[in-house]
Amino acid sequence: MSKFWSPFVKDLVPYVPGEQPKLSKLVKLNTNENPYGPSPKAIAAMQAEVNDDLRLYPDPNGDRLKQAVADYYGVQTSQVFVGNGSDEVLAHAFHGLFQHDAPLLFPDISYSFYPVYCGLYGIEQQQVPLDEQFQIRVEDYARPNGGIIFPNPNAPTGCLLPLEAIERLLQGSPDSVVLVDEAYIDFGGQTAIALVDKYPNLLVTQTLSKSRSLAGLRVGIAVGHPDLIEALERIKNSFNSYPLDRMAIAGAAAAFEDRAYFEKTCQQVIESREVVVAGLQGLGFEVLPSAANFVFARHPDKDAATLAAGLREQGVIVRHFKQQRIAQFLRITIGTPEQNQALLDALQGL
Ligand SMILES: Cc1ncc(COP(=O)(O)O)c(C=O)c1O
C-alpha cells in the first residue's frame with residue numbers, strides 16, 4: 001500500500017493465476033495448457049510477420065482473424081470480436097454488457113476471474129450453487145438478473161451443460177445477456193455458437209490458449225449478435241486500439257485455418273483424458289465427468305492439499321483451490337501420455 005494509491009485500487013481483490021514455474025523439468029499439469037505445440041502453420045505464419053513491417057501498427061480490427069473465425073463457424077465477421085486473450089474479451093463483456101441494476105448470476109464453483117471483474121467494474125453478483133453432483137441447474141437461473149455467465153464445460157469441474165439446457169436458460173432470461181465461456185469446448189462439447197442467430201442475447205467466448213495451444217500468444221474471441229459485438233468494440237476502442245499484435249493476428253488466423261492439426265491434437269488429449277480418468281479411478285479417486293482438457297478429482301481418504309504438496313515434491317504440479325466446497329479436489333490438466341503416467345506413478349506412492 002502506498003499513499004499514492006486511489007481508494008479504489010486499495011480495495012481491489014486481483015485474480016491469482018496458476019503458477020508458471022521457472023524450473024523446466026517439472027511435469028506441469030496446473031494451468032490447463034495444451035501438452036502439444038501449436039499448429040506448425042501457425043508458427044510459420046507468426047515467423048513470417050517478424051520483419052520490417054513491425055514498424056507499422058497492426059490492423060486495429062484484426063480483420064484477417066475475424067474472417068478466419070467467421071469462416072470456421074459459418075457466421076458474419078460482424079458477429080465476431082477478437083481480443084488479447086479471452087480474459088480481456090470477458091473483461092469487456094463485464095464492462096459493456098453486465099453493468100446493470102440487477103445482479104450478475106454465475107455458479108458458486110466457477111472461473112475465479114468472474115468475481116474479480118465484478119469487483120473491478122462494480123457489478124453486483126449472486127453466486128448460484130451447483131447441485132450435489134456439481135452440475136449447473138438451469139431452473140435456478142430463472143430469476144431477475146443483469147446477466148448470466150458460466151464456463152461450458154464448467155471450470156474447474158470439467159462438467160458439460162448440453163445445448164438443450166443452454167437454450168432453456170436463454171429462454172428464461174431473454175432480457176439479459178447470457179455469456180457462455182467456452183474456453184474448453186473443443187475437448188468434447190458442442191459450441192453454443194450454433195445458437196447465436198436464434199438468440200440475440202447470447203454471447204459465446206472462446207480462447208486459443210487451450211485447444212489451439214497458443215496460451216503464450218494471448219488471443220481470445222467472442223461470437224454473438226452484431227449489437228453485442230458493437231458494445232465490445234466500443235469498450236475496446238475506448239481502451240486499446242491494438243490489443244492484438246501482428247504475430248497474434250496472423251498466428252491465430254492460421255491456427256483456425258489448420259483444422260487437421262487442431263482435430264488431431266484435440267483427439268489425442270481426449271483419448272489421454274480417458275486413460276487418466278481410469279488411472280485415477282483405479283487409485284480410488286472419484287472423478288467428475290469431464291469434457292475438458294483437465295479432470296477434477298477427489299480421494300475419499302486423502303487430503304487434497306497434502307496430495308498436491310506430495311506431488312510437487314515429486315516434480316508434478318496440479319491445481320488445488322482453497323474454496324471450502326472444493327477444497328478436497330485436485331484439478332489436473334491432461335498432459336502427454338508420459339506426463340500422465342508420471343502423475344499416476346507419483347500418486348501411487350502418496
Ligand atoms: C473458464 C476460463 N475462461 C477463460 C480463461 C482465460 O483464457 P485466456 O485469457 O488465456 O484466453 C480461462 C483460463 O484458464 C478459463 O479457465
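I note here that the model is predicted. Side chains of opposite charge can pair when their charged atoms come close.

I then counted salt bridges over the whole structure and got eleven. Of the Asp-108 and Arg-325 pair, I asked where each partner lies. Asp-108 is in the loop between β3 (104-107) and α5 (113-121), and Arg-325 is in the loop between β11 (316-317) and β12 (329-333), so the pair ties together parts that are 217 residues apart in sequence.

**Domains**

Next I looked up how the protein is divided. Domain 1 takes in 7-38 + 260-348, and domain 2 covers 40-258. I took their centres over C-alpha atoms and found 23 Å separating domain 1 from domain 2. To the contact, domain 1 gives 35 residues and domain 2 gives 36 residues.

How much area do domain 1 and domain 2 bury between them? I have about 2900 Å² in my notes, with 63% of it on carbon and sulfur atoms. I also checked for salt bridges between domain 1 and domain 2, and the count is one.

I turned to helix packing. Two packed helices are described by the angle between their axes and the distance between the axes.

For α9 (residues 259-282) and α11 (residues 337-348), the axes come within 10 Å and cross at roughly 10°. An angle under 35 degrees counts as roughly parallel, and α9 and α11 are therefore roughly parallel to each other.

Which residues of α9 meet α11? I listed Ser-272, Val-276, Gly-279 and Leu-280 on the α9 side. Across from them, α11 brings Pro-337, Asn-340, Leu-343, Leu-344 and Leu-347.

**Helices α4 and α7**

From α4, I noted Val-89, His-92, Ala-93, His-95, Gly-96 and Leu-97 in the contact. They meet Leu-228, Ala-231, Leu-232, Ile-235 and Lys-236 in α7. How do the residues of this contact divide by class? I wrote down seven nonpolar, three polar and one charged for α4 with α7.

Note on methods: Residues numbered from 1 in each chain as written. Predicted model: local features only at pLDDT ≥ 70, side-chain atom pairs only at ≥ 80, totals over all residues. Heavy atoms only, no water. Axes fitted to C-alpha atoms, helices over the stretch in contact; angles between N-to-C directions. Helix = DSSP H or I, 4+ residues; strand = E, 2+ residues; numbered from the N terminus. Parallel < 35°, antiparallel > 145°, perpendicular 65-115°, else oblique. Contact = heavy atoms within 4.5 Å. Domains from an automatic or database assignment. Buried area = accessible area lost by both parts, 1.4 Å probe. Salt bridge = Lys/Arg side-chain N within 4 Å of Asp/Glu carboxyl O. Nonpolar A, V, L, I, M, F, W, Y, C, P; charged D, E, K, R; others polar.
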